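Okay, thanks for making time, everyone. I'd like to walk you through one structure today, going from the helices to the core and then out to the charged pairs.

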Amino acid sequence: MKRKNIPMSFAEFEIMERPFGWKVEYWDGQARLSPREVGITTRIDLSPRPLQQNHALMPVHPSYTEQMIAGYFEVFVDSVELCGYSEAQVQVSAQKCIGHYFSGKKGEALPASVIALEPNSQKLAGLALFILNREQKPHLELLYVRPQFQRRGMATAMVTWGMNDLIESNFQELFSTYHICNEESSLWHHKFGFQDIYDPYYIRLKSSWLNQEIWRKEKLELVEGLNALMMERDEWQSQLDPEDRY
């Protein structure tokens, strides 16, 4: 994905609606938007779930390393997570991510990790990697489904497989992280049952964005929804320590 450059005057820039999570700047007669490098941590309590038998699943095996790297490249080459990366840089990121999983550089690889296979072959269609992070808690380190197999419940099936395996290993919770600008990932996490854990930086970012949107609506004399935005802003700011509010 390339950063967004939108020609406009500075007056237009001041009152433009700004997508949450994006860094918005102005120079040379253009609004320049790029996704912030911010991850939202989520958590879910582990409990057994029925596994739909619509997908062929198997434990992760090193023999699939090249397919895991190729699938990563296919999914993330045009993503907000790697916005501005060249194809060569995405390839390096893919190799590092999968290599670090097998080497344990980011945490111990857990047997809950799972591969989903294409219906009519033994080729990789999706991947879910679980690790034990530095706090010795299970973390969903990587989850993807190749584009042609998305929206078939494959991600849900893989994470359900992993959850049930983690329960057998006596873990009680699972953590995951999604990119602040990845709306599909956010929706999937929440639908699955993950709950966001907001740090002070995120809360300040949200409050600042709401302040900007309130100012924009007042500037344009758009009163509809204004009170709701103010209430939301105040609710977020109430979660900060008094010295952190602005």
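Predicted model: local features only at pLDDT ≥ 70, side-chain atom pairs only at ≥ 80, totals over all residues.

Let's start with helix H4. H4 has 15 residues, and at 1.5 Å a residue they should span 21 Å; the end C-alpha atoms sit 22 Å apart, which agrees. After H4 comes Asn170, and its phi is positive, near 70°.

Now, which residues of H4 are buried? The list runs Met154, Ala155, Ala157, Met158, Val159, Thr160, Gly162, Met163 and Leu166. That takes us to the core. The largest nonpolar core in the model has 25 residues, and the ones with the most contacts inside it are Phe130, Met158, Val159, Leu166, Leu174 and Phe192. Strands E7, E8 and E9, plus helices H4 and H5, each give two or more residues to this core. H4 provides the largest share, with 7 residues. As a reminder, in soluble globular proteins nonpolar side chains tend to be buried together.

Skip its neighbours within four places in sequence, and Val159 is in contact with Phe130, Leu140, Leu143, Leu174, Trp188 and Phe192. There's also a second, separate core, with 23 residues, and among them are Val24, Ala31, Val80 and Ile203.

Asn182 lies in the loop between strand E10 and H5. Buried or exposed? Asn182 comes out at 19% relative accessibility, and the cut-off for buried is under 20%, so Asn182 counts as buried. Its side chain makes a polar contact of 2.7 Å with the side chain of Glu81. Beyond its neighbours within four places in sequence, Asn182 is in contact with Val80 and Glu81. Then there's Ser185, over in helix H5. Ser185 is also at 19%, so it counts as buried too. Ser185 and Tyr144 are 41 residues apart in sequence, yet their C-alpha atoms are 9.8 Å apart in space.

Last stop, the charges. Side chains of opposite charge can pair when their charged atoms come close. How many salt bridges does the structure hold? It holds 10. One of them joins Arg43 and Glu173, at 2.6 Å from N to O. That pair links distant parts of the chain, with Arg43 in strand E4 and Glu173 in strand E10, 130 residues apart. Arg43 is partly exposed, at 28% relative accessibility.

Another salt bridge pairs Glu141 with Lys106 at 2.9 Å. Glu141 is in strand E9 and Lys106 is in the loop between H3 and strand E6, 35 residues apart. Both ends are partly exposed, Glu141 at 24% and Lys106 at 43%. There's a network as well: salt bridges that share partners join Glu17, Glu213 and Arg216. And finally, Lys23 and Glu25 meet in a salt bridge at 3.7 Å, N to O.

That's my tour, so over to you.

Note on methods. Residues numbered from 1 in each chain as written. Heavy atoms only, no water. Core = buried A, V, L, I, M, F, W, Y, C linked by side-chain atoms within 4.5 Å. Buried < 20%, exposed > 50% of the residue type's maximum accessible area, 1.4 Å probe, protein only. Helix = DSSP H or I, 4+ residues; strand = E, 2+ residues; numbered from the N terminus. Contact = heavy atoms within 4.5 Å. Expected span 1.5 Å × (residues − 1). Polar contact = N/O pair within 3.5 Å; in protein donor to acceptor, adjacent residues only side chain to side chain. Salt bridge = Lys/Arg side-chain N within 4 Å of Asp/Glu carboxyl O.
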